[in-house]
Amino acid sequence: MEEPRIGVYICWCGTNIAKMVDVEYIAEEVKKLQNVVVSRNYKYMCSDPGQDLIIKDIKENNLNRIVVSACSPRIHELTFRKALENAGLNSYLFEMANIREHVSWVHTDRKEATEKAKSLVMAAIKRVGFHESLAKRSVEINPASLIIGGGIAGLTAALEIADTGKQVYLIEKKNSLGGNLAFVDLSFPDLSSVKQILDPKIEKINKHPNIKVFLNTEIDEIFGYVGNFETKLFENTKSEETLKFGNIIVATGLKPFDPSVIPEYAYGKLPDVITSIEFEKMLKEGIIRTKAGKEPKNIGIIHCVGSRNNKYNEYCSRTCCATGLKYANQLRDALPEAGIYELYGDMRVFGKGCEEFYTQTSRKDIVFMMFDQRNDLPKIKANTSKKDFNMIIEINEKLSGEELNIPVDMVVLMVGAQAQDNAKDISHAVGISMCGNAFYIERHPKLDPVATTTDGVYIVGSCQGPKGIIDSVSQTRAAVSRILGTIAKGSVQVEVTTAVVNEDVCCGCQTCISVCPYTAISFNPEKNISVVNEVLCKGCGTCGSACPTGAIRSRHFTDLQILSQIEGIMSLELEEV
Amino acid sequence: MSFEPKIVSFLCNWCSYTGADLAGTSRMKYAANIRIIRVMCSGRVDPTFVLKAFREGADGVLICGCHPGDCHYHEGNYKCLRRYKLLTKYIKQMGIDDKRLRLEWISASEGKQFAELANEMAETLRNLGPANIKDKLDFFQKTKSVNEDENVEKEKMEAI
Ligand code: FES
């Protein structure tokens with residue numbers, strides 16, 4: 001192996017790292033280490049000038065190993081690997097030390113933080129000396145796509161892809177397309193008909209030569225990797241079909257919150273307390289009546305039901321405020337004389353045209369009342385004394401500071417959004433992660449918001465977090481453009497951090513075969529050795545740690561690389577600076 | 001100055017490392033004793049990595065992986081769990097308190113849990129005191145080489 005010539009770059013990340021870690025000191029210190037040829041600190045390593053610095057140094061100083069000490073490799077490892085490639089160096093001759101997420105952002109003592117950062121940089125320097133050039137493998141992309149979920153996001157994706165002449169498989173677990181929107185009458189803020197958005201799409205999809213729709217179908221397990229996925233479908237549990245596709249869009253949407261768990265609202269106990277979903281149905285049918293068949297004289301609309309409250313869901317469901325205002329408008333048109341009360345914690349009507357919509361609505365003789373969303377929810381009670389209204393809402397009105405009793409005949413609960421019940425099953429099937437609320441996690445919220453950590457799998461619409469039609473469609477089109485891009489290229493480069501067997505050392509014990517989760521290792525009886533199938537291997541490294549002779553090497557996570565990283569990490573005392 | 005333990009920690013890329021990153025992006029504060037090494041899966045954690053960390057002077061070793069059933073590679077964390085159980089027995093035999101080696105499940109959303117775990121483990125190890133394995137082994141090696149030298153001397157003497 002050639003002698004390592006290492007370049008080390010310590011990033012300030014503006015003040016994000018530099019205020020807690022003495023970057024200049026570390027850069028000076030590591031200069032003393034063997035094989036470190038260049039050591040610098042710079043404000044923003046990920047910026048173009050930062051990357052150019054590396055490229056220039058590689059060329060001028062003949063560097064053959066690079067360490068960047070900055071943010072998490074999950075954010076910028078690829079950025080810097082590309083810089084190495086641009087300088088003509090193999091991108092795997094690079095290692096990152098995470099001194100932002102794992103140091104400067106989580107520690108409060110500058111001395112300790114600096115010491116820790118230094119040890120992580122030392123570890124990276126030790127490790128990178130053992131890095132090897134790895135050749136990327138190029139795999140062909142199957143131009144077909146699988147779309148899971150037939151709501152507005154899934155429908156948009158299907159049409160966008162199919163219209164370019166590519167095959168689409170659209171899977172829907174229910175017996176019809178349209179998702180949650182199929183039950184919605186008008187959309188905000190323009191009060192346009194949802195039917196007019198949805199129906200033409202569904203019609204087109206049903207006739208489209210490039211789209212195959214599977215209703216009543218759920219995904220079980222998906223095999224393969226980007227460009228070459230495969231699954232077996234059981235439609236109506238009758239026919240079995242094997243599908244092959246290159247990319248996946250997960251568009252499984254949301255589930256409405258069940259308000260019966262909120263005691264204050266008496267949902268399920270008082271018949272005229274209904275959810276926004278149920279009210280939407282009334283609006284669609286054009287008949288607004290109480291359970292007793294009477295036209296309601298006074299209607300309360302309660303916001304943030306199950307949202308923005310630690311007892312239920314902490315997050316904002318993002319569409320309910322504007323939907324609540326939409327109801328006020330529709331009610332005012334249908335029942336000009338009715339009393340309409342909007343009870344809210346905070347009014348959050350963001351987005352283009354939405355604040356204007358709020359202002360317009362407030363001029364329509366609607367009463368707005370504010371309550372404490374976290375600590376003091378209004379209470380809905382049956383009215384037993386008088387006959388001309390059946391319920392009372394008790395509210396501590398925040399703006400006036402008064403305790404008020406509002407007589408009503410109907411209450412609409414603006415229920416929030418939750419992840420689907422089968423969110424976990426789907427996440428396992430496609431290999432993506434969920435956040436604490438069971439919504440799916442994107443690769444990076446700002447830099448890569450529709451991709452996931454599994455190449456070829458994209459998340460769009462409310463399965464990633466509650467959102468309205470506009471955002472869902474934008475996300476979907478973003479994911480579609482990503483997919484069409486890879487299809488146009490025809491192939492993608494995939495990681496080659498797979499396992500390899502050293503034939504001379506392998507003793508043929510087959511332990512690796514028994515631990516491999518992908519049956520990627522087979523036995524060659526003639527040579528009495530194990531053989532790894534690189535296409536099937538996903539590089540988890542389990543075989544490497546089970547191999548008793550050390551014959552298996554997990555590329556880029558070799559024993560030598562990790563052991564030297566441990567040495568580097570431990571080569572400093574905590575106390576000394 | 002009070003004793004500050006050194007903890008080497010192996011985190012799987014998909015859940016636990018992401019969870020530790022989340023602790024960072026959420027600006028949660030925790031003790032600086034822990035140093036993280038990324039592996040693709042907790043199943044990659046070879047027992048020799050753990051022993052090496054102790055050998056190099058770690059006072060504690062923490063392995064984190066995805067929750068049972070959530071491993072990105074299906075069952076790497078179960079493999080890790082089995083190895084961990086054996087390894088705990090083994091290190092006990094070597095005179096290392098088994099509280100010095102921990103295996104915990106941290107999901108990508110459990111930044112808070114990770115921060116708490118880091119604090120908790122640092123506190124446990126502060127109370128346990130230094131592991132001193134490096135010193136012991138270094139001493140052992142030194143005396144061994146001294147003995148060897150003596151033997152050589154003896155042989156020389158005999159030869160004379
Ligand atoms: S990937 Fe996290 S434990 Fe296997």
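C13(A) is found in the loop between strand 1 (6–11) and helix 1 (23–31) of chain A, where helices (H or I, at least four residues) and strands (E, at least two) are DSSP runs numbered from the N terminus. The phi angle of C13(A) is near 50°, a positive value in a residue other than glycine. This is a predicted model, in which local features need pLDDT of at least 70 and side-chain atom pairs count only at pLDDT 80 or more, while totals for chains, interfaces and linings use all residues. Residues are numbered from 1 along each chain as its sequence is written, chains are lettered from A and ligands numbered from 1 in the order in which they are written, and side-chain values use heavy atoms, with hydrogens and water left out.

**Backbone**
- The peptide bond from F188(A) to P189(A) is cis, with omega near -5°.
- P189(A) is found in the loop between strand 8 (186–187) and strand 9 (192–193) of chain A.

**Interface of chain A and chain B**
- In this interface, 54 residues of chain A are in contact with 53 residues of chain B, contact meaning heavy atoms within 4.5 Å.
- About 4500 Å² is buried between the two chains, and carbon and sulfur atoms give 59% of that area; buried area is the accessible area (1.4 Å probe) that two parts lose on being put together, summed over both.
- The rule finds 5 salt bridges across the interface, a salt bridge being a side-chain nitrogen of Lys or Arg within 4 Å of a carboxyl oxygen of Asp or Glu.
- E567(A) forms a salt bridge with K52(B), and their closest N and O atoms are 2.6 Å apart.
- Elements giving two or more residues to the chain A side include helix 3 (73–86), helix 5 (110–128) and helix 15 (559–570) of chain A.
- Helix 15 of chain A supplies the largest share of that side, 8 residues.

**Helix packing in chain A**
- Helix 6 (residues 152–162) and helix 12 (residues 469–489) of chain A pack at an angle of about 35°, with their axes 9 Å apart; axes are lines fitted to C-alpha atoms, for helices over the stretch in contact, and angles run from 0 to 180 degrees between N-to-C directions.
- Residues making this contact include A153(A) and A157(A) of helix 6 and V473(A) and V480(A) of helix 12.

**Salt bridges**
- Over all chains, the whole structure holds 43 salt bridges.
- E85(A) forms a salt bridge with K136(A), with the closest N and O atoms 3.3 Å apart.
- E85(A) lies in helix 3 and K136(A) in the loop between helix 5 and strand 5 (137–140) of chain A, so the pair ties together parts that are 51 residues apart in sequence.
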